[in-house]
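Biologist: I am new to this structure. Please show me how to read its features.

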Amino acid sequence: MTKTENYEIRDKRFARSIKLDEPIEQIWTGGKWTEGPVYSPAFRSLIWSDIPNDRRLRWDELTGAVADIRSGLGCYTNGSTLDRQGRIVACEHGTRSVTRIEHDGSVTTLASHFEGKRFNSPNDVVVRSDDTIWFSDPAYGIESDYEGFQAESELDGEHVYRLDPATGDITKVTTDFACPNGLAFSLDEKTLYIADSGGTRYPSGEHHIRAFSVGADGSLSGGDVFAECEAGVFDGFRIDTQDRIWTSAKDGVHCYHPDGTLLGKIFIPEEVSNVCFGGPKRNRLFITASTSVYSVLLPTTGALLF
């Protein structure tokens, strides 16, 4: 094992995924709990949320300028991604819905209810190549007024759902999570990884990522534990072009091989909530962590979202 101030190599397969002398940059600070990073290639910008302050911010990669772009609307936005048309799809705690920002800047509500009942607080989201939208719905945004609006749950639990935006049909695809959180597909989309962060709220203490097989009809099977978090709980994560998982943890970013091996870590001085790849080559890892946003350039390429 090789360990420096910023990196830890557990497996030699990780050695070519990082540069030990590459600095980790803090590109912004001043938030309460940063989340939901998404990189827009069209605008060469990173967009993220400061959830408790109910604001969305944009960092311009060319100038380094940060602007407040959508705030004070009661959205309390969390996880975000791009769909296959390059539009931002986002989970909003405040509105308890999944929304899409259109190319003209207007906002479309894609999903707010399941079988006539409001969602808890959609948390993280991923779009499959067939345009279906998959999202987790834990209760973080309704348990207090800190990240949304305190309310009673109208549903029978905290689940993951699949939305077909063409028809509006919504299907519940999991029923046995304590607190479903981050999610991502493998490169071939035959596996869906889902984090359970129940340890933050329940005595059951879930702090793992599970792996599900995806059927031709979009149903899930399996669900064995893929990895247990060594530090805190897993939150948001992304996949690279080698099918490795780069996931948030309390002490930084952990990288897992698809065989389940923890390859190594990038240490961050704040608790990490989420990550995404960006930049012209998708080899810049952006990291939202507590009050700040960090980035590091890697000899690794993130999976293409669209």
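Modeller: Start with accessibility. Buried means under 20% relative accessible area, exposed means over 50%, and partly exposed lies in between (1.4 Å probe, protein chains only). At 27% relative accessibility, R282 therefore counts as partly exposed.

Biologist: What should I know about the model itself?

Modeller: This is a predicted model: local features need pLDDT of at least 70, side-chain atom pairs count only at pLDDT 80 or more, and totals for chains, interfaces and linings use all residues. Residues are numbered from 1 along each chain as its sequence is written, and side-chain values use heavy atoms, with hydrogens and water left out.

Biologist: Where does R282 lie?

Modeller: Element names come first. Helices (H or I, at least four residues) and strands (E, at least two) are DSSP runs, numbered from the N terminus. R282 sits in the loop between β26 and β27 (284–289). Its phi is near 55°, a positive value in a residue other than glycine.

Biologist: Which value does phi of D54 take?

Modeller: For D54, phi is near 50°, again positive in a residue other than glycine. D54 belongs to the loop between β5 and β6 (55–60). D54 counts as buried because its relative accessible area is 9%.

Biologist: Is G116 buried or exposed?

Modeller: G116 is exposed, because its relative accessible area is 65%. Find G116 in the loop between β12 (113–114) and β13 (117–118). Then look across to E154. G116 and E154 are 38 residues apart in sequence, and their C-alpha atoms are 9.4 Å apart in space.

Biologist: How do I read strand pairing?

Modeller: Strands of a sheet pair through backbone hydrogen bonds, either parallel or antiparallel. Here, two strands pair if DSSP finds at least two bridges between them. Take β4 (34–40) and β5 (residues 45–50): they pair in the antiparallel sense over 5 bridges. S40 has S45 in β5 as its bridge partner. The hairpin of β4 and β5 has 4 residues between the strands, and R44 there takes a positive phi near 45°. As for cover, 7 of the 7 residues of β4 are buried.

Biologist: What joins β20 to β21?

Modeller: Their link is 7 bridges, and the two strands run antiparallel. I209 has A227 in β21 as its bridge partner. This hairpin has 5 residues between its strands, and G218 in the turn has a positive phi of about 85°.

Biologist: What is the order of the open sheet of 4 strands?

Modeller: The order is β14-β15-β16-β17, with antiparallel pairing. The edge strands are β14 (125–127) and β17 (169–172), each pairing on one side only. Within this sheet, 4 bridges join β16 (residues 159–164) to β17. R162 stands opposite T171 in β17.

Biologist: How do I read the contacts of one residue?

Modeller: Contact means heavy atoms within 4.5 Å. A polar contact is a pair of N or O atoms within 3.5 Å; within protein, one must be able to donate a hydrogen and the other to accept it, and residues adjacent in sequence count only if both atoms are side-chain atoms. R210 is buried, at 9% relative accessible area. Its side chain makes a polar contact with the side chain of D176 (3.0 Å). Leaving out residues up to four places away in sequence, R210 touches several others, including F177, Y193 and F226.

Biologist: Which side chain does the side chain of H93 make a polar contact with?

Modeller: The partner is the side chain of N78 (3.2 Å). H93 is in the loop between β9 and β10. H93 is buried, with a relative accessible area of 1%.

Biologist: How do I read cavities and pockets?

Modeller: On a 1 Å grid over the protein atoms alone, a cavity is a set of points where a 1.4 Å probe fits but cannot get out; a pocket is an open set with protein on both sides within 12 Å along at least five of seven lines; lining residues have an atom within 4 Å of a point. Grid points are joined across faces, edges and corners, and a volume is the space filled by probe spheres set on the points. The whole structure has 2 cavities of 30 Å³ or more. The largest cavity has a volume of about 40 Å³. Its lining includes R56, T77 and I101.

Biologist: What is the volume of the largest pocket?

Modeller: About 510 Å³. The largest pocket is lined by 30 residues, and I239, A303, L304, L305 and F306 lie nearest its centre.
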